[in-house]
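Work through the two exercises below with the sequence and the model at hand. Each task is followed by a solution in steps.

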Amino acid sequence: MANTSPASQCRLEPIILNDEDQFIELQRQRVLCGWDYDPETIKRWKVKQEEKLKSLFWITIPDSSDKDKELLRTGHISLDANSSFDPPELKNFPHVKNCVFSISSFFILPEYRSYGLGRHAMKMAEDMAVKEPYGSPNCRFIALNALSKRYIYDEGPDWRGVWERLGVSPPSFSIQEWYEALGYVSWKEEPLYEEKALNGDIVKLWEAFMRKEVQRIA
Ligand SMILES: CC(C)(COP(=O)(O)OP(=O)(O)OC[C@H]1O[C@@H](n2cnc3c(N)ncnc32)[C@H](O)[C@@H]1OP(=O)(O)O)[C@@H](O)C(=O)NCCC(=O)NCCS
């Protein structure tokens, strides 16, 4: 019997930011995500896309209620050329162009979560990273950063207590562990982002820097 689970029908479709509807839909999804929703940021992404430094994709599934099976945009993901943070293995490795790609701006709409779409989208982005036109045969690692799992497990106002200070509900699972289950390994943790606490304090959020070897190059 054919596999019709949402994940098995999931495809990545390029986001065309010159199309106003797609620009507006990406902005809507970014607002729901809570990060990088400023139209100016999305305009900068458009420039990076034109420079071939960023490839943004819709994470799609066919709409089963539509006889033409129009694609539903269940989320988005970006495969970026280069990474601002090189994995430690590269220290002893002669620098090769396009050796590292990174994944950023990854989001699945809440109503489509836990169907395996996120995992499937990551797998498709990893496959794209090692070949043209969006990746490169030189790609060895994918790098990304994720909120430290200490915010789930460690006691204290700077860790588990941070959610109360920010006035938001704690996440139901650790995104760092989610990436670990996909084979990503952390090499360092650093404070990277800032949020304002309810009392006006600035809270620095620690991120885990992670990478996965997607291709071994002799
Ligand atoms: C992270 C994210 C992309 C995952 O997308 P998704 O489509 O729900 O993920 P999948 O369905 O492929 O993953 C399923 C696994 O994730 C974990 N998971 C997902 N949602 C969960 C939840 N609400 N509670 C506990 N575990 C959960 C489970 O381990 C689950 O595995 P299982 O099905 O074997 O139990 C999505 O939750 C999201 O968009 N989150 C907000 C944005 C974000 O955190 N982006 C990453 C920034 S670094």
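**Exercise 1.** Find which backbone atom the side chain of Ser174 reaches, and at what distance.

Solution. The side chain of Ser174 reaches the backbone nitrogen of Glu177 at 3.0 Å. This is a predicted model, in which local features need pLDDT of at least 70, side-chain atom pairs count only at pLDDT 80 or more, and totals for chains, interfaces and linings use all residues. Residues are numbered from 1 along each chain as its sequence is written, and side-chain values use heavy atoms, with hydrogens and water left out.

Helices (H or I, at least four residues) and strands (E, at least two) are DSSP runs, numbered from the N terminus.

Then classify Ser174: its relative accessibility is 5%, so it counts as buried (under 20% relative accessible area; exposed is over 50%, partly exposed in between; 1.4 Å probe, protein chains only).

Last, list its contacts (heavy atoms within 4.5 Å). Not counting residues up to four places away in sequence, Ser174 touches Lys149 and Ile152.

**Exercise 2.** Identify the members of the largest nonpolar core that touch the most other members.

Solution. A nonpolar core is a set of buried Ala, Val, Leu, Ile, Met, Phe, Trp, Tyr and Cys residues joined through side-chain atoms within 4.5 Å. The largest has 28 residues, and Leu12, Ile77, Ile103, Met122 and Tyr184 touch the most other members. Among the elements giving two or more residues to this core are β2 (54-62) and α3 (117-129); α3 gives the most, with 7 residues.

Notes:
Polar contact = N/O pair within 3.5 Å; in protein donor to acceptor, adjacent residues only side chain to side chain.
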